[in-house]
Amino acid sequence: PTLSLLDLVKTHCDGYNLFQKSASVPSIFLEDKDKVVDRALQFVELASETWLVTGRHPVPIVTAAAYLAWQSLLPQHRLKCSLGKFCQLAGVKQPPPASRRVKEMVAILVRLAPQLDWLASQRIDAKTVVKYSGDILRHRVLLLRQTLRPARTENADGQTGPSKGMETDGGEGSRGGEGEDTGPSLQDQPSPAGSAHKRTAPVFLPPCLTQRKRRKPCPEAEGSHGTELITGEEEISDSEIEQYLRTPEEVAAFRAACASL
């Protein structure tokens with residue numbers, strides 16, 4: 001049967017000890033399960049929309065999402081709680097990659113937060129952005145569009161720049177007639193240094209492109225570092241030349257074999 005994303009997050013959070021009163025869990029760390037599951041699901045969806053889940057195991061991602069969701073519901077008391085302590089209080093084992101998933105999700109929040117008007121004037125970093133994650137997740141669709149739009153505009157800089165110049169110089173913009181060449185070509189337009197061919201990297205990329213693993217050199221390659229590079233133009237020694245010389249008897253035997261064929 002197909003397991004939905006909600007079922008995955010809910011099943012993972014079922015084993016946490018933070019949703020019922022316990023002597024080992026302080027009251028400020030207790031939280032409603034439905035609230036944590038709902039916000040953790042939003043974190044996982046945001047991670048999916050920004051390529052963070054591509055080719056990765058779901059458990060560290062859901063653990064990181066549940067941790068950030070739990071923090072954001074009462075940030076004034078939980079921001080200083082580390083992931084290790086959170087897993088200890090929840091009674092679960094911390095997956096080793098979970099801390100890296102937390103840093104990646106926080107980096108996405110830091111990238112999206114300045115797009116909100118009421119957060120543009122505030123200083124937001126990785127230590128404080130979790131407090132505003134509720135607003136960021138609520139408007140994540142719009143924030144993603146606004147974040148990706150400047151990258152698309154800069155990638156098409158070679159087309160947008162000349163069109164603006166035609167509107168200023170000739171008074172006829174690119175809307176003057178579809179399919180008609182009413183202005184100078186791209187080659188005739190002087191462009192600022194580096195602007196016509198400047199292309200910015202995409203805002204979000206899969207982990208396989210942003211975190212490429214370094215391959216260890218093979219033993220054969222390591223052993224060949226001390227040897228000289230063979231180009232095929234090296235001088236042939238006399239001892240090697242003698243290996244290719246044949247006696248008269250060998251020449252006669254070779255000719256006889258060729259004649260019999």
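Glutamate 49 counts as partly exposed at 37% relative accessibility (buried is under 20% relative accessible area, exposed over 50%, partly exposed in between, with a 1.4 Å probe and protein chains only). The model is predicted: local features need pLDDT of at least 70, side-chain atom pairs count only at pLDDT 80 or more, and totals for chains, interfaces and linings use all residues. Residues are numbered from 1 along each chain as its sequence is written, and side-chain values use heavy atoms, with hydrogens and water left out.

**Salt bridges**

- The count is seven salt bridges, each a side-chain nitrogen of Lys or Arg within 4 Å of a carboxyl oxygen of Asp or Glu.
- Glutamate 49 pairs with arginine 140 at 3.5 Å, N to O.
- This pair links helix H2 to helix H8, 91 residues apart (helices are DSSP runs of H or I, at least four residues, numbered from the N terminus).
- Arginine 140 also pairs with glutamate 45, at 2.5 Å, N to O.
- Arginine 140 lies in H8 (residues 140-155) and glutamate 45 in H2 (residues 33-49), so the pair ties together parts 95 residues apart in sequence.
- Arginine 140 is buried at 13%, whereas glutamate 45 is partly exposed at 26%.
- Within helix H6, arginine 101 and glutamate 104 lie three residues apart, about one turn, and their side chains form a salt bridge at 3.1 Å, N to O.
- Arginine 101 is buried at 8% relative accessibility, and glutamate 104 is buried at 12%.
- Shared partners join Glu45, Glu49 and Arg140 into one salt-bridge network.

**Second largest pocket**

- Its lining includes Tyr67, Leu83, Lys103 and Val130.
- H6 (98-112) and H3 (58-73) each supply at least two lining residues, and H6 gives the most, with four.

Key: On a 1 Å grid over the protein atoms alone, a cavity is a set of points where a 1.4 Å probe fits but cannot get out, and a pocket is an open set with protein on both sides within 12 Å along at least five of seven lines; lining residues have an atom within 4 Å of a point.
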